Amino acid sequence: MSELPKGADAALAPLRAALRAAAEQQADAIAADAERDAAAAIADAHRQADALLVAARADGEAAGRRVAAARSARTRRTARETVLRAQAEADAATDAAVAEAVASLRGGKGYAALERRLRAEARALLGPAAKIETAPEGGIVASDGSRRIDASLPALAAEASDWLRRGPS
């Protein structure tokens with residue numbers, strides 16, 4: 001490469017200054033564009049983050065509602081099972097107490113009058129031709145053809161228990 005003639009440096013100084021100014025201007029423009037692009041990217045990232053946050057909150061709330069609904073259903077089911085179990089225990093206790101009370105009638109002094117009343121009711125319902133027998137467990141069983149009345153003490157106890165459960169009609 002050859003050396004520049006004397007005075008060329010001074011003659012090229014304005015060109016160098018112009019090239020340097022143009023380069024600096026171009027660099028400033030590129031930097032400004034980069035800053036605008038970065039600001040736009042950051043703003044877009046914030047919008048996306050906000051949208052994701054809104055969606056995540058909605059998903060979380062929906063999941064929370066599902067969990068709460070499932071928990072509520074389990075609680076209601078458990079409560080219902082507890083109530084049904086307690087009701088079954090109370091019914092069994094009532095049935096046993098009624099059966100014991102009705103069975104104790106057989107040995108009481110008013111049992112003969114009770115049996116006479118049951119026989120009279122059976123005759124009134126089935127007629128004078130009805131066949132009436134003493135039930136082995138106490139009480140009576142009456143029939144007239146296809147019609148039958150079971151007024152045995154266990155049947156009367158079961159009817160009394162049912163009446164206690166459903167109340168008078």
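## Terms and model

Helices (H or I, at least four residues) and strands (E, at least two) are DSSP runs, numbered from the N terminus. Strand β1, for instance, covers residues 131–134 and includes K131.

This is a predicted model, in which local features need pLDDT of at least 70 and side-chain atom pairs count only at pLDDT 80 or more, while totals for chains, interfaces and linings use all residues. Residues are numbered from 1 along each chain as its sequence is written, and side-chain values use heavy atoms, with hydrogens and water left out.

## Overall layout

The protein has three helices and three strands. Starting at the N terminus, their order is α-α-β-β-β-α. The radius of gyration of the protein is 51 Å, well over the 15 Å that the globule rule gives for 169 residues, so the protein is more spread out than a compact globule. That radius is taken over C-alpha atoms, and the globule rule is 2.2 Å times the number of residues to the power 0.38.

The box filled by the C-alpha atoms is roughly 155 × 30 × 30 Å, taken along the principal axes. Two pairs of residues give a sense of distance. S161 and A13 are 148 residues apart in sequence, and their C-alpha atoms are 120 Å apart in space. D59 and T134 are 75 residues apart along the chain, with 73 Å between their C-alpha atoms.

## Surface and burial

Of the 169 residues in the protein, 14% are buried. Buried means under 20% relative accessible area, exposed means over 50%, and partly exposed lies in between (1.4 Å probe, protein chains only). D59 sits in helix α1. With 53% relative accessibility, D59 counts as exposed.

The accessible surface of the protein is about 12,800 Å², and 60% of it belongs to carbon and sulfur atoms. Accessible areas come from the Shrake-Rupley method with a 1.4 Å probe; for residues, only the protein chains shown count as cover.

## Contacts

Contact means heavy atoms within 4.5 Å. Take the contacts between residues at least 6 apart in sequence: 31% of them join residues at least 24 apart.

K131, in strand β1, is in contact with V141, A142 and S143. The C-alpha atoms of K131 and R119 are 9.9 Å apart, and the two residues are twelve apart along the chain. E115 belongs to helix α2 (residues 111–126). E115 is buried, at 14% relative accessibility. Beyond its sequence neighbours within four places, E115 is in contact with T134 and I140. S161 belongs to helix α3. S161 is buried too, with a relative accessible area of 3%. Its contacts, again leaving aside neighbours within four places, are T94, D95 and V98.

## Charges and salt bridges

The protein has 25 positive and 24 negative charges, and their mean positions are 11 Å apart. Lys and Arg count as positive and Asp and Glu as negative; His and the chain ends are not counted. Each charge is placed at NZ of Lys, CZ of Arg, CG of Asp or CD of Glu. A salt bridge is a side-chain nitrogen of Lys or Arg within 4 Å of a carboxyl oxygen of Asp or Glu. By this rule there are ten salt bridges.

One of them joins D95 and R165, whose closest N and O atoms are 3.0 Å apart. D95 lies in helix α1 (residues 8–105) and R165 in helix α3 (residues 153–166), so the pair ties together parts that are 70 residues apart in sequence. D95 is partly exposed, at 30% relative accessible area. R165 is partly exposed, at 39%.

## A linked network

R165 also forms a salt bridge with D162, at 3.4 Å between the closest N and O atoms. D162 and R165 both lie in helix α3, three residues apart, about one turn of the helix. D162 is partly exposed, at 34% relative accessibility.

Which residues are linked in a network of salt bridges? They are D91, D95, D162 and R165. Another salt bridge joins the side chains of R166 and E159, at 3.2 Å from N to O. E159 is partly exposed, with 43% relative accessibility.
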